[in-house]
Protein chains: 2
Amino acid sequence: MADDQAVRSPGRPRDTSIDTRVLDAARRLLDEQGFEATTVQAIAARSGVHASAIYRRWPSRVAIIEQAVFPGFASATVRPTGDLRADLRRFIGVYLETMGAPAARAALPGLLAAYQSAGRAPAPETWLAVSARPQFTDILRAAPEGSVHPDANPDDVFDMLLGAIVARILIPTVIQRNRPIERLVEMVLRLLPAETAEARP
Amino acid sequence: MADDQAVRSPGRPRDTSIDTRVLDAARRLLDEQGFEATTVQAIAARSGVHASAIYRRWPSRVAIIEQAVFPGFASATVRPTGDLRADLRRFIGVYLETMGAPAARAALPGLLAAYQSAGRAPAPETWLAVSARPQFTDILRAAPEGSVHPDANPDDVFDMLLGAIVARILIPTVIQRNRPIERLVEMVLRLLPAETAEARP
């Protein structure tokens, strides 16, 4: 944004409007036609932004799609209240909504396939932008003394939650069971006591 | 097999040998060239089985790929011993091995994408053949009295485990953390007490 402010012409910051048009076009294409059809050429045609301008801003179509479907949790922050159950319930609700949005749901398998190709693993800053991991850690930190043992491993529990959310969005048998979010909250709460932090011998 | 026995010509059952060649070719193509390249035509060329013969046996390339990469847990059964921790450790190890095999790992995102398309959800018998859910339930049933509460919900815990396994195979941040299987066993054990079965009001 600082750059946009510095170089913008009068009226709307030009870069921002181009970014918005490109990302909106990518989301619409993902939702309507799926991952494979969401190419840079298709995004250019749909957004009216020339492909060369798109390539100046993003290194690849995967990078565009990541930014288009994962707004990052800055835009959907769940501020910890200290009520662990309530905070987790809201956090998991927002997380499921973000990952389950039509464009994100359509993009996820294609992104996971892309990450398998050599050298296609996402840049750390991408993951930092889209990961809910820091928010999850903040929520645990804000929990009342004793509700989360200091030895508990938030990253292991977050990995489990991440898998559960992906399963609810992509795996037919899990989607069809359509269990209430509260069940997921319950299970995450069960994983936080100290005993989950250390494997027994 | 009964049909094969009835109609087979002298020597190897013809259907079985054709099935084997097709499924082997599909696995090699998935491993070497990925999901998109694993078409019926490519499988026919690699296996030497004519496409029309392949279509007589499988309704779609997705059906071939499912059968090729998910042998079903009949071929990798973990017989419950009654030692819940040991049984879960072996079960999760086999499950990770099956889902994480190169061909299965390459196929999974493509299959998940295919299941999103209308009418492409897998047939129930396919899921029955490939699902480890019944084995998981058997292991819990064989556990000593009291180690799994009768009110615990094995399907909810299995969904959680399924998501955790998919995450360990497909999601870069989870793959990179490369946590020991014992951590997953620990977390699954924490999910089995009665309190996880009923959401608190």
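How many salt bridges does the rule count over all chains? The count comes to 30, where a salt bridge is a side-chain nitrogen of Lys or Arg within 4 Å of a carboxyl oxygen of Asp or Glu. The views below come from a predicted model, in which local features need pLDDT of at least 70, side-chain atom pairs count only at pLDDT 80 or more, and totals for chains, interfaces and linings use all residues. Residues are numbered from 1 along each chain as its sequence is written, chains are lettered from A and ligands numbered from 1 in the order in which they are written, and side-chain values use heavy atoms, with hydrogens and water left out.

**View 1. The interface of chains A and B.** Here 45 residues of chain B are in contact with 45 residues of chain A, contact meaning heavy atoms within 4.5 Å. About 4,200 Å² is buried between the two chains, and carbon and sulfur atoms give 62% of that. Buried area is the accessible area (1.4 Å probe) that two parts lose on being put together, summed over both. Gln116(B), Met160(B) and Arg190(B) supply 17% of the area that chain B buries against chain A, more than any other three residues.

**View 2. Salt bridges and helices at the interface.** Eight salt bridges cross from chain B to chain A. In one salt bridge, the side chains of Asp156(B) and Arg183(A) meet at 2.8 Å, N to O. On the side of chain B that touches chain A, the elements giving two or more residues are α7 (102-116), α10 (154-170), α11 (172-177) and α12 (181-190) of chain B; helices are DSSP runs of H or I with at least four residues, numbered from the N terminus. Of these, α10(B) gives the most, with 11 residues.

**View 3. The symmetry of the pair.** A rotation of 180° with 0.0 Å of shift along its axis superposes chain B on chain A, with RMSD 0.0 Å, using least squares on the C-alpha atoms of residues with pLDDT of at least 70 in both copies. The two copies are therefore related as by a two-fold rotation axis. In chain B, the C-alpha nearest the axis belongs to Gly163(B), 2.1 Å from it.

**View 4. An annotated stretch of chain A.** The unreviewed UniProt entry marks residues 39-58 of chain A as "DNA-binding region"; such annotations may be inferred rather than shown by experiment. Over residues 39-58 of chain A, the chain is 75% helix and 0% strand, with the end C-alpha atoms 13 Å apart.
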